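Dear colleague,

I am handing over the structure that you will find just below. Please keep it open beside this message while you read.

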Amino acid sequence: MKKILTNYKVLALALLVSLSGCDNILEPEPRLDVSTAQAITDKRSAEAALLGAYSELQSNNYYGFEYPALAYLSADEVDWSGSYNFYQQFDLNAIPAENSSIKSVWSQIYRVINVSNNLIGKVPAIEDRNLTEAQRQKILGEAYFLRALSYFDLGRAWGGVPLVLKPTIDKNSGAGIKRATLQQTYEQVLADLDQAESFLPSLTSRARASKEAVWALKARLYLYQQNWAKAEEYSTLVISSGKASLVKPYSAFYTGKLTEESILELVYDNSDRNSHANYWLPSSKGGRYEWKPSAGIIEDLRNPQVGGSRGAVLGSQVDNGKETVYGQKYSKIATGEDGAFVLRLAEQYLIRAEARLKQNNLLAGLSDLNEVRKRADLTPLVLADLSAALLAVEQEREVELAFEGHRWFDLIRTGRAETVLGISDQNKFLFPIPNSEILADPDLGPEDQNPGY
Amino acid sequence: MQTYTISKLVRLLFSLGLLLAFSGSALAQSALTQGTVKDAKTGEPLIGARVQIKGTDKGTVTGVDGSFNLPVENGQTLIISSLGYTLREVKADGQPITIALQEDTKALEEVVVVGYGTQSQKAVSSAVTSVNPQELKGIPAPSPDQLLQGKASGVQIAAASGTPGGGIFVRIRGNTSINASNEPLYVVDGVFINNQSLSGLSLGGQTTNPLADLNPADIESIEILKDANATAIYGARGANGVVLITTKRGKTNAGTRINFQTYFGVAEAPKIYETVNAQQEAELINETHLNDGGSLSTLPFRPRSEGGLGLPEEQTTYSRIPDVFQTATTQSYDLSASGGGESNRFFLGGGYFKQEGIVKPAEFERFSGRFNYDHLVNKRLTIGTSTSISYSKRNQSRNDDSAQGVINSALYVPTYLPVFNEDGSYARHSIFDNHLALIENLNIQGESSRLISNLYGEYEILDGLTLKSNWSIDYNAYADKVYNNTQISVGLPAGNASRSESKLVTLINEQLLTYNKRFGNDHFLNVILGNTVQQTKYNFLSLTGRNFPSDNFQEIASSSLQTASTNSSQNGLISFFSRAGYTFKDRYSIDGSVRADASSRFGASNRWGVFPSLGASWIISEEAFARDLPFDLIKLRANIGVTGNQNGINDFASLGLWRAGRNYEGLPGISHQQLANPDLKWETTRQWNIGLDLGLLQNRLRVEANYYNKYTKDLLLEVPVAAKTGFSSVFENLGEISNKGVELNISTTNIEREDLTWTTSLNIARNVNKIEKLPIPINQHSRDWVRMEEGGSVYDFWVYKQLYVDPQTGDAVYDDVDQNGSITVADRQIVANASPDFFGGLNNTVRYKNFDLGALIYGEYGNEILNLNRYFMEHGGTRNGSISYLPGQLNRWQQPGDVTNMPRLTKKGNNYTLPSSRFIEDGSFLRLRSVTLGYTVPSAALSKYKISSLRVYVSGTNLWTLTNYSGLDPEVNVAGNNQNVRGIDHAVVPQPRSFQAGLNVSF
């Protein structure tokens, strides 16, 4: 009997040993993450979340390369030459609603919006004596700017989109928010830009949103809305702020980093790499040559009367007698430091040129156009005809802003897409709402899809 | 069904006793007859078999090598007997004789290894398949799971590719989950082991198989637990079945036996890719140009004098594909010692295995060691260990879905483009690397270090009541080492290197009380009660270096741009479990089990899951009324149970999280990562199984049939949410999947004579998988080739269905499902499925005198394959100049009236841009998986060399395949890293055809 008792003691001891420390076993803490409640609570975490919003903005799926790529592939600047036919579908202007890039870009833009919404929703209530009012306003200003930029990019590519303005708490957040019209979308962009303008200080870092960046985006928004006077007003604010200048040679703005040219440039480094170059460079340069400059733009860029020093964006190599031409605006494949040029001064000159021409101010318009030409080592254009001058602006935008994702939207807003690109089906001027969204979002039915998809 | 016999030990002890009893009298005799006694099935010598002269009390017992010497007069009859074997009589004629004894299956108290113990074969109500380790020989595969293919009904096993050490697909009774794991639980000598690849590399979807860390030569038996009554004891991890691996142990009082086995093999690709030649390719490119309205003056292949690339017939064809294939060798060596004294037994083994891939430069190499030891401290206390260590090294390469893949770089590049530049350097074209540069410069190493060890103490508290305490570890460290020099495109412009180390350590403590007791003659009770505490920690470290001074430097320290990162995570599981079985009159049995698991992965409200099961069996043939029936065995089994699943989801899936590392400007940033779901809980699978076991003709015909019905609810599903929330999905318990199926095993002894036996076993299974509930469809793989939707099944292909090619226009006509006149995403439909309707294996074994011949045929029927090689290489002109063509493209429509399913060449329209049903093919196959011919050298001829047994053999694998599939191999899967994708072929290394020669010798 005694022996049996001893044995039970052994058993009890074994159980005890094995069960001690159970709490540790069942309640491990995540090491890579914090809970949502801890995310934005003080100055440091708010600043971290703001940097997180920029990080989402610079993602491969947005400004890293995919958003501009979808635009330049859709236009006539770039031809697809790789193996991913979800990019080919943009080149062919035949984009099925289940195209994976459509989905990834759409989703990524809303990631920027959600982080911005969190900042806009939570930063005003932060109680932290280290957070000065100026700092609080700057964080909020940047968040409003990032949200404005996001909705602007959604609007010009897809038309009106669901306008979510509150942070997502659970999967039901945003329920009931249907597609807005494009006009409502742009109104939201403007409202956010107004907020940002009131909160943001003048430019001190070209890698971050500033008052000048707000003006520059406003100028672009008004241009898209054909509000020529406002477009001129805001581009003038940018140009005369003196915060940016056209750098020489042309290639300096993309071979350098955060040059004087930039009003807002997203920066990358070795540990936070941009992979844009990978899609442009041929395999002999370490890329996958997924796409290449089109024959048309090669001709324009190499034309000494049109491209000037901007021909530098073309690289070339000859193997076995065959020339391969590639784009090298993004070429820092070793370091991954190619920038994303969100807003830069040359565009502001061209916005003002167009706005002034549209207001029948031929001389002032041409003068802005020639500022840009002069930097590209071209002689000034002298034109007597407004419409010819407008076409000159169109061509100038093609070569000056090549591979930056402007031309597709430019040709659509000017109504020239059909003529220039030969796309007769107007439905193709908007991307399809991702099919996955029609399925996943109870507020989007098949009837909410853009026509033709 | 091979079973594990407790009585072997008893038999041995008994026989050794006899040996001692008889040895005195045997020595006194003078004229000796020599002989050997062996097991008829395995050919292994039988130790301690009794040899007696009929009608006398004279006799002896066999020694350690199965031999005996006995003075016999010619004409006298010898009676040879051994416990557990059928007695035999042989007439002596003065010559040395070899006697093979058949196992007496009826006489044995057969036991089956089940979770946390064994059960009497008679009492088992579950579907458990045991695989005879003898049957695992002859196939040169590095990992034990791959060897099970075709051996167990209802268990579908397929290698993802022919790359050695690569991922293996294993499904027991179908897929139960979408986002949680579908892999069975692997338990080696009581230790739950990791079977998830730890490699952090993306190599085109290829994975590595952690089970390749185990040496198949160490394995004594493998049991596959399939139904809920067998797996409910594993609770939250039992839903996908359990594979129990038991390794070899020594025997007490058995002396020391040395065993050496080795084989050498050569392998090759049974078939390699073919493409069009340069002239054909040029003609196709020209035709596209003209079809798309291009003018003759700008034809790409026009005379060089006119600025073209030269006429098609002037093109040179550059061959690349044969360069990447090689005749690959395999070598395997295993040396072991096993045995034991009165109070201990041991098994000590070491192995070396090396296998080259048939596509350069892949290679797998493993060093392994095992030490299993048991020590009987006293009558009641036993302590011991099962420990294995291994170090595996992989030389890897990209393949499958990767533009930098070795096969891709040889297969896709247009054939008219040269391999070398004029200056002799490697030429690269379009997105592809130079295949020779890859083969010579690829440097992707994977190193796995593994320790699986268990220490135990077992104490018999009372007769029949024992307490066992186990302390176990699975230590799995995996290192990826990559160096890309500037000869290959990923290394441009100045070289880069990366190193990552993943460490997954599982610690387990387990207490187990076992009570076995027979009351009187009619009542047998078996009870176990236990608990386990398990903790798994994951640590990850990675380093990268870029910009090297030259290709001569490879270490990260030599680079100028360096980054580093670490990550860690952990999870825990606390469990209590019990099983009780009761057998009455050896014919009525009921058993049941229950397990309660608490998991750290779920919130406090749903932390505990309880998983019960109940089963019953009835041996009808023992009943009086059945005695006259022509059956040796009729047994009915039925059971039902509930199991769970929590594997495969991340450790913190229920929490709302923000993640750091979302940096900008070199400053630390955070952004949202995951939506919270505090209600997250287990997936639960309810399964019932009914089975019938029959034995006829003195059990020479045995039939085992099972019907099962599995229903899984509360799937751990990554449910897509509206992207406007900023999130893409949330983990929820939504969705239901069912699997219903039948399994049939028939084994027959066709011929059973003294020197000729022939046995056959056939297994065949059918599983019907259905997604019963799914809130929204979920698409998989690039271009959404695969879709899961309610009413469908896993592995459905979702495409535009091509009806025909219009003979007038040459354009593909697709099924306009919504009949709106245009082909949009609404017209995509499910047209095929990658799962087989039936699959199974046929195993034949013939023994003639000392020869043995085994053949395994494996087949799958009704599975479809998406041939992405054709999708990319019958591109109809859309990839002209960057990707070549397969010969199938030559069947394209050319002029009105042509009837073909290959549309007109064009870059425009949707002839070649849509994911079309055209690329889906029947993947059914029947394959001679292995053939082995062996010869066991008679022991009489060996005894003077102190060799107790010697077998030599030759074998071949995949010698013959019957299939209509047009690709290289029907056994393919490009996306081994995505469990929801199957049956897609895309530059996958085919299963090799190989020949081996080997020997197995014991001293």
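What follows is a summary of what was found, with the conventions given along the way.

This is a predicted model, in which local features need pLDDT of at least 70 and side-chain atom pairs count only at pLDDT 80 or more, while totals for chains, interfaces and linings use all residues. Residues are numbered from 1 along each chain as its sequence is written, and chains are lettered from A and ligands numbered from 1 in the order in which they are written.

I begin with chain A. UniProt, in an unreviewed entry, places the feature "domain: SusD-like N-terminal" at residues 66–223 of chain A; its positions are given in the numbering used here, feature names are shortened, and annotations may be inferred rather than shown by experiment. Over residues 66–223 of chain A the chain is 61% helix and 2% strand, with the end C-alpha atoms 24 Å apart; helices (H or I, at least four residues) and strands (E, at least two) are DSSP runs, numbered from the N terminus.

Also in chain A, helix α12 (residues 228–241) packs with helix α16 (residues 345–358) at an angle of about 145 degrees, their axes being 8 Å apart. Here axes are lines fitted to C-alpha atoms, for helices over the stretch in contact, and angles run from 0 to 180 degrees between N-to-C directions. The crossing of α12(A) and α16(A) is left-handed, that is, the near helix is turned anticlockwise from the far one by less than a right angle. Among the residues of α12(A) that meet α16(A) are Trp228(A), Val238(A) and Ile239(A), and those on the side of α16(A) include Tyr349(A), Ile351(A) and Arg352(A).

Turning to the interface, 81 residues of chain A are in contact with 81 residues of chain B, contact being defined by C-beta atoms, placed from the backbone, that lie within 7 Å. The elements that give two or more residues to the side of chain A that touches chain B include α1 (2–19), α4 (43–57) and α8 (100–122) of chain A. By class, this side of chain A has 37 nonpolar, 28 polar and 16 charged residues, where Ala, Val, Leu, Ile, Met, Phe, Trp, Tyr, Cys and Pro count as nonpolar, Asp, Glu, Lys and Arg as charged, and the others, Gly among them, as polar. β1(A) also pairs with strand β31 (residues 657–660) of chain B in the antiparallel sense over 3 bridges, pairing being called if DSSP finds at least two bridges between two strands; Val34(A) stands opposite Trp658(B) in β31(B).

Chain B is divided into domain 1 (4–101) and domain 2 (134–269 + 325–795 + 834–871 + 921–1002), with bounds that come from an automatic or database domain assignment. The centres of the two domains, taken over C-alpha atoms, are separated by 42 Å, and 19 residues of domain 1 of chain B are in contact with 16 residues of domain 2 of chain B. To the side of domain 1 that touches domain 2, α1(B) gives the most, with 4 residues.

An open sheet of 4 strands in chain B has the order β4-β3-β6-β7, with antiparallel pairing. Its edge strands are β4 (59–61) and β7 (88–91) of chain B. Within this chain, β3 (residues 50–53) and β6 (residues 77–81) pair over 4 bridges, and Gln52(B) stands opposite Ile79(B) in β6(B).

Finally, UniProt lists residues 465–959 of chain B for "domain: TonB-dependent receptor-like beta-barrel", again in an unreviewed entry. Over residues 465–959 of chain B the chain is 2% helix and 58% strand, and the end C-alpha atoms are 53 Å apart.

With best wishes

How values were computed:
Contact = placed C-beta atoms within 7 Å.
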